[in-house]
Amino acid sequence: MPFAEAIVQASLASGRLSLLPLLPEHAPAMARWLLDPAIYAYLDDTPPASAQALAERWARWQTRRSPDGQELWLNWAVRLDDPAAADGGALIGHVQATVLSSGQAWMAWVFDPAHAGRGHARSAVLAMIDHLVAAHAVHTGMASVEVDNLRSVRLLQRLGFVESPVRGERPSERLYLAGVSARP
């Protein structure tokens, strides 16, 4: 059943982070690290050719739904709001969810490697999950991860996701699942 309601994507907050609906205008600030081919080692995507190409990709996502209306496409830019940090206000990543009418959601994230290992991805993904549960009745989270992407595998495990016996499209890909619910 297609999603019929208009999609108004909310901004979210999580500790030192703000999650802002991803807009084409965010591309110049994020292009420095999103154009780096090294980031795509574990992604099913290739680097955009330029900041303009990145902005054009994100402009296509502004419908916030798939062309057939069967999926919601929710994408947030992650901003560091720590005034004590030298780079406070920087856009350090993005998180995304493809919400299915079945109550399942595919989840993914990409973060600037300069901000890895500080808990930002965990915080942002938890804020996204809380929103998906409350606003879109999501009950199951899903993520497909390359087996060598140890940071993402550990993050999924810390979030309570478990590896499925079902394999991904490639032998090096694993599917992780978790029942999700609102946190107190």
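Which strands does helix H1 (residues 27-34) lie across? This is a predicted model, and in it H1 lies across S3, S4 and S5, running at about 95° to S4.

**The sheet.** Now select the strands. They form an open sheet of eight, in the order S1-S2-S3-S4-S5-S6-S8-S7, and the pairing is mixed. At the edges you will find S1 (12-14) and S7 (162-167), each of which pairs on one side only. Neighbouring strands are turned by 30° against each other on average, ignoring direction.

Zoom in on S2 and S3. These two run antiparallel and are joined by five bridges. To see a bridge pair, show Pro 21 together with Trp 76, its partner in S3.

Select H4 next. This helix packs on the sheet, where it touches S5, S6 and S8, and its direction makes about 160° with that of S6.

**The cores.** Display side chains now. The largest nonpolar core has 35 residues, and Leu 19, Val 95 and Leu 132 touch the most other members. Elements giving two or more residues to this core include strand S2 (17-21), strand S4 (91-100) and helix H3 (120-136). H3 gives the largest share, eight residues.

Centre on Leu 132. Leaving out residues up to four places away in sequence, Leu 132 touches Leu 74, Ala 97, Val 99, Ala 105, Met 107, Ala 137 and Val 138.

How values were computed: Residues numbered from 1 in each chain as written. Predicted model: local features only at pLDDT ≥ 70, side-chain atom pairs only at ≥ 80, totals over all residues. Heavy atoms only, no water. Core = buried A, V, L, I, M, F, W, Y, C linked by side-chain atoms within 4.5 Å. Buried < 20%, exposed > 50% of the residue type's maximum accessible area, 1.4 Å probe, protein only. Helix = DSSP H or I, 4+ residues; strand = E, 2+ residues; numbered from the N terminus. Contact = heavy atoms within 4.5 Å. Pairing = 2+ DSSP bridges. Axes fitted to C-alpha atoms, helices over the stretch in contact; angles between N-to-C directions.
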